[in-house]
Amino acid sequence: MQLPVQKQILYWGGALAVLLLALWGVGNAVTPFIMGAAVAYLFDPLADRLERLGLSRTASVVIITLCGLLLVVALFLLLVPVLVRQTTALIETAPEMFQRLQQFLMTRFPEIFTEGSPVNSALANMGQQISERGGQLVSTVLGSVMGVVSMVMLIVIVPVVAFYLLLDWDNMVDRLDELLPRQHAGTIRRLGHEIDAALSGFVRGQGMVILILGTFYSVCLALIGLPFGIAIGVIAASLSFIPYVGVLVGGATAIGVALFSFWGEPVWIGAVIAVFVLGQIVEGNYLQPKIVGGHVGLHPVWLMLALTVFGTLFGFVGLLIAVPAAAALGVLVRFAVARYKESALYTGREVPSPPAPPTMVELVPRGTTERARQLAQMSRDVAVAQIQRDEHLAHLLEEHQHRQQAGEVPDAEGPPSPSDLWAETRDHLRGKDR
């Protein structure tokens with residue numbers, strides 16, 4: 001006797017609720033383990049590729065770990081101090097930039113910026129607010145990161161967790177596959193592959209885009225001689241996963257700094273503008289289509305909502321699991337919508353139930369039960385296709401009646417045949433194209 005679907009949903013929903021409560025309860029204690037699992041997931045394809053080249057799994061993981069540690073140490077020694085120093089200086093310089101902007105606007109538009117006017121007061125307070133809020137944000141983020149992810153976690157726990165998970169990743173996946181409920185194992189595997197494609201396509205692809213754009217913006221702005229160029233380039237690239245937000249925020253900041261620093265030198269101001277225009281052209285026409293692609297299925301608004309909700313509920317741990325959760329929920333929502341469109345709730349007509357698993361026990365030639373299951377599945381697919389065709393013909397008949405009332409087609413004595421409806425719709429669409 002099979003377990004009813006309602007009870008299965010109840011049991012698995014309860015397990016998910018317990019997992020979320022556990023994440024909320026343990027809080028930041030699991031942060032290094034989640035970070036280690038994320039690192040192992042990201043580098044598993046590279047380890048598989050090294051194995052195909054002839055290396056053992058252990059040698060592949062050791063090489064990846066050593067290269068990753070060297071890269072992280074180099075970043076912390078070379079890039080992070082520069083970013084912190086330039087970001088802090090940019091925030092401290094913001095009030096002076098706004099004062100210069102206020103003086104310039106007051107000189108050009110004295111009738112608007114009178115003493116005590118709302119515009120004048122807003123500009124006077126904007127720089128101070130940005131300085132205070134920006135400094136508070138930087139100190140809060142740095143303090144929370146250093147409080148949550150201590151140096152021991154970064155240097156010891158995360159690499160160790162990532163090393164062991166990456167070493168045993170394929171075995172863990174196989175063991176998890178053995179634990180799947182047998183009745184829904186095929187569907188769960190298919191959804192898992194779709195989630196993996198969406199998540200890996202977004203994280204790996206978008207990470208590569210951010211790395212390329214960050215290097216391009218930072219190097220070009222530094223060569224131009226723009227103050228805070230490296231920090232502005234990293235900020236613009238980090239926000240590029242949201243279309244146009246990175247280039248707008250980074251471009252506006254860079255142009256504002258260029259006007260403040262290169263006033264009277266329009267060539268360098270134009271060079272800064274050209275850097276961001278070229279970066280946007282390359283990102284939109286090459287990097288995003290070629291590296292990320294259109295199959296990811298993570299809408300920017302959906303991603304921002306996930307980051308906000310999970311960050312609010314679970315703190316720093318929520319930010320780490322927001323992207324995987326958004327990818328998984330996106331795939332599950334699309335699966336639920338597809339099932340809904342096949343249901344009687346959408347079509348208004350009863351859909352035949354899926355074929356039950358065969359229960360024959362007599363000895364039959366190999367493949368007989370599989371053939372019976374395939375025939376039952378084909379019968380159900382034909383019934384679903386017939387329902388969809390009837391629904392479409394009903395929709396075409398309604399459009400035909402509307403066109404008759406509008407005088408677009410002559411009245412007939414009887415209802416049109418399906419072939420007449422198809423031909424009429426085709427002619428109508430061709431007429432609209434012309």
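In this predicted model, the largest nonpolar core holds 23 residues, and among these L166, F310 and I321 touch the most other members. At least two residues of this core come from each of helix 2, helix 3 (57-108), helix 7 (185-224), helix 11 (300-314) and helix 12 (316-342). The greatest contribution is that of helix 12, which supplies 6 residues.

When residues up to four places away in sequence are set aside, F310 touches G315, G318, I321, A322 and A325.

D48 counts as buried because its relative accessibility is 18%, and the cut-off for buried is under 20%. Neighbours within four places in sequence aside, D48 is in contact with R57 and D170.

C67 counts as partly exposed because its relative accessibility is 48%, and C220 counts as partly exposed because its value is 21%. The number of disulfides in the model is 0.

| Residue | Relative accessibility | Class |
|---|---|---|
| D48 | 18% | buried |
| C220 | 21% | partly exposed |
| C67 | 48% | partly exposed |

Definitions and conventions
Residues numbered from 1 in each chain as written. Predicted model: local features only at pLDDT ≥ 70, side-chain atom pairs only at ≥ 80, totals over all residues. Heavy atoms only, no water. Disulfide = S-S within 2.5 Å. Buried < 20%, exposed > 50% of the residue type's maximum accessible area, 1.4 Å probe, protein only. Contact = heavy atoms within 4.5 Å. Core = buried A, V, L, I, M, F, W, Y, C linked by side-chain atoms within 4.5 Å. Helix = DSSP H or I, 4+ residues; strand = E, 2+ residues; numbered from the N terminus.
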